[in-house]
Amino acid sequence: MSITGLAPIKQALVQTLRSNTALKAVLTGGIHEGFAPPKTAYPLLTYSVHYAPIDYLWGSMMLEVGFDVFVFAENSVDADNFDALVFAALHDAELTVTGQSTLICRRVSSLSLPDSNEEGKKIYQVGGVYQVITDQPLPANRRSTISADAVIAS
Amino acid sequence: MANTMRFNGARLKQRIRAIEVAILNDFGVDVVRAARAKAPVRKLYKQKRRKYKSASSVGDFYVKAAVAHAERVGIVKSASQKRYYATQLQRTTNLGRGDPVVKVRRPGNRNQALKIGRIRTIKMKVKTDRGARDFASVDRFFSAHRVGAREHSRGEVRDFYNKDPKTGFMKPIKPQKGYTTNERVDAQLSSRGRYEVRSGRAAIEGETGKIQIGGRLKKSITASGAQESTKGVTNNIGTDVEYAIYVEFPTSHNAAQPFLLPALHEQKRHLKPRLEEAFRQAGLKRG
C-alpha cells in the first residue's frame with residue numbers, strides 16, 4: 001500500500017464539478033485551473049489549491065486541503081446563482097478519492113471581488129474556499145508501535 | 001480540624017489568560033514569519049540575460065536587419081542597447097508565406113500598452129537574393145495597440161505619447177516624480193523597476209529610514225499582538241496593502257499566489273500542543 005498525496009483529491013474535486021450537468025450547462029467558458037486563458041467567454045469557473053498541510057498521526061496521515069473555487073460572470077445575479085450551484089455540488093459532497101477516505105468537504109469562507117476583463121468591462125467574481133479533509137492509513141513498515149513489558153517481582 | 005483550601009477563581013482565570021496571551025503572541029510571530037517567507041515579490045531587478053537563439057539562419061538574418069534598421073533610425077545607439085534589442089526580438093514568422101514580420105516584445109503589461117502607444121511591432125521588407133520573395137526597401141515602424149499585435153496603422157514613430165482629448169494632438173508623457181536613486185542602483189534595476197521607483201509604487205521606507213525598493217507586501221504583513229476581548233484572546237494577523245487580496249486569491253487575469261492562509265494552516269497545528277505544554281508547566285493541567 002502506498003501513500004497518495006494531493007493529486008487524487010484535486011482529481012476528485014474536479015471530477016465532481018465536471019460531472020455536474022447543471023454546472024456544465026451554464027458555464028459556457030468552462031472550468032480552468034488557476035486562471036482562464038485570455039478571451040475566454042464568460043461565465044467560467046476557476047479552481048486552485050490554496051493550502052495543503054499534512055498531519056501525521058501514529059498510524060495514519062491526514063490531509064487538509066483548501067481549494068479556491070470562483071465563478072466569473074458578467075452580471076452579479078448570474079455570478080451568485082452559479083456560485084449557489086457550485087455550493088450545492090461541493091458542500092458536504094462525498095468525494096471519491098483514490099486511496100484515501102474523505103472525512104469532510106465543506107465551504108469554510110466566501111468571497112466576492114469586483115474585477116475587470118481585458119477590455120475594461122466589469123466582471124463579477126464570487127466564490128470561496130472549500131476545505132477537504134482526508135485520511136489514509138500509513139503502510140505497516142512506517143507505523144510506530146510501542147510495547148512495554150512489566151515484570152513485578154514478588 | 002479539616003483542612004480547607006480557598007479556591008480563587010479570578011486568580012486562576014488571570015493565570016490562564018496570561019498563558020494564552022503569551023502563546024498567541026508567539027503564534028502570531030511565527031505566522032508572520034512564515035507568511036513573509038511565502039509572500040511573492042515582484043522582480044524589479046535585472047535578471048540574468050538570456051542569449052537570443054534564432055530558429056534558423058534566415059531568422060538570424062532578419063533579426064540583424066531589424067537591429068540595423070533600429071540603429072539607423074536612432075532607437076538603439078550603444079552596443080549594449082543593440083544586444084538587448086536583439087534579445088527582445090522573436091524569430092521571424094510566416095517565412096515563405098507572406099511578408100516576414102519581426103515582432104518586438106517590450107516589457108509592460110497590456111493595460112499599459114493601451115494607455116501609452118508604445119512601439120510593438122516592426123514590419124520589415126528587406127532586400128534579399130532569394131528570388132520571388134525579394135523586397136525592395138525597408139519599411140517604416142508601425143505602432144500597435146496590443147502586445148504582440150501585427151500592423152495596425154501606418155504613421156509616425158510613437159513612444160511615450162498620449163492623445164490630448166481637447167486638442168487631439170499627441171503630447172509627450174512626462175514620468176511622475178517619485179523616489180530618485182543613484183546611477184549605481186539604476187544599473188541594477190530592470191526597466192520595470194526604474195518605472196516603479198520613479199512613480200513611487202515600489203520604493204517604501206525601510207525600518208532604518210533607508211528607501212527600500214520592492215517588497216512592500218512582504219513588509220506589510222504584521223500581527224497586532226494578542227488582546228483580550230469579550231470573545232476571548234484574539235490576535236489579528238494580516239496586511240494593510242490594498243492589493244493583497246488580489247494576490248492571495250485568484251482573479252480573472254492572474255492565478256493566486258497565496259501566502260497568508262498557507263502560513264496560518266501550517267502553524268495552526270502547533271498551537272494546541274504549545275498551549276497544553278504551557279498549561280502543564282504552569283501546573284494547571286492534570287496528568
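This is a predicted model: local features need pLDDT of at least 70, side-chain atom pairs count only at pLDDT 80 or more; totals for chains, interfaces and linings use all residues.

Let me start with the interface, where the contact takes 27 residues from chain A and 21 residues from chain B, contact here meaning heavy atoms within 4.5 Å. As for conventions, residues are numbered from 1 along each chain as its sequence is written, chains are lettered from A and ligands numbered from 1 in the order in which they are written, and side-chain values use heavy atoms, with hydrogens and water left out.

Between them, chain A and chain B bury about 1,800 Å², 59% of it on carbon and sulfur atoms; buried area is the accessible area, taken with a 1.4 Å probe, that two parts lose on being put together, summed over both. How many salt bridges does the rule find across this interface? It finds 2, where a salt bridge is a side-chain nitrogen of Lys or Arg within 4 Å of a carboxyl oxygen of Asp or Glu. A pair that spans the two chains is B:Lys268 with A:Glu64, whose side chains meet at 3.2 Å, N to O.

Turning to chain B on its own, its secondary structure comes to 10 helices and 12 strands, these being DSSP runs numbered from the N terminus, with helices of type H or I needing at least four residues and strands of type E at least two. Of the 287 residues in chain B, 33% are buried; with a 1.4 Å probe and protein chains only, buried means under 20% relative accessible area, exposed means over 50%, and partly exposed is what falls in between. If we take the contacts in chain B between residues at least 6 apart in sequence, 52% of them join residues at least 24 apart.

The axes of helix α1 (residues 9-38) of chain B and helix α10 (residues 271-281) of chain B come within 10 Å and cross at roughly 145 degrees, the axes being lines fitted to C-alpha atoms over the stretch in contact, with angles running from 0 to 180 degrees between N-to-C directions. On the α1(B) side the contact includes B:Ile16, B:Ile19, B:Glu20 and B:Phe27, and on the α10(B) side it includes B:Leu271, B:Arg274 and B:Phe279. The residues of this contact divide into 9 nonpolar, no polar and 4 charged, where Ala, Val, Leu, Ile, Met, Phe, Trp, Tyr, Cys and Pro count as nonpolar, Asp, Glu, Lys and Arg as charged, and the others, Gly among them, as polar.

B:Glu228 counts as exposed at 55% relative accessibility, while B:Arg17 is partly exposed at 21%.

Is B:Glu196 buried or exposed? At 3% relative accessibility, B:Glu196 counts as buried, whereas B:Arg42 is exposed at 53%.

B:Glu196 also forms a salt bridge with B:Arg192, the closest N and O atoms being 2.8 Å apart. Both residues lie in helix α6 of chain B, 4 residues apart, about one turn of the helix, and B:Arg192 is partly exposed, with a relative accessible area of 22%.

Finally, some backbone details in chain A. The peptide bond from A:Tyr42 to A:Pro43 is cis, with omega near 0 degrees, and A:Pro43 is found in the loop between β1 (31-33) and β2 (44-51) of chain A. A:Lys39, found in the loop between β1 and β2 of chain A, has a positive phi of about 65 degrees although it is not a glycine, and A:Lys39 is exposed at 65% relative accessible area.
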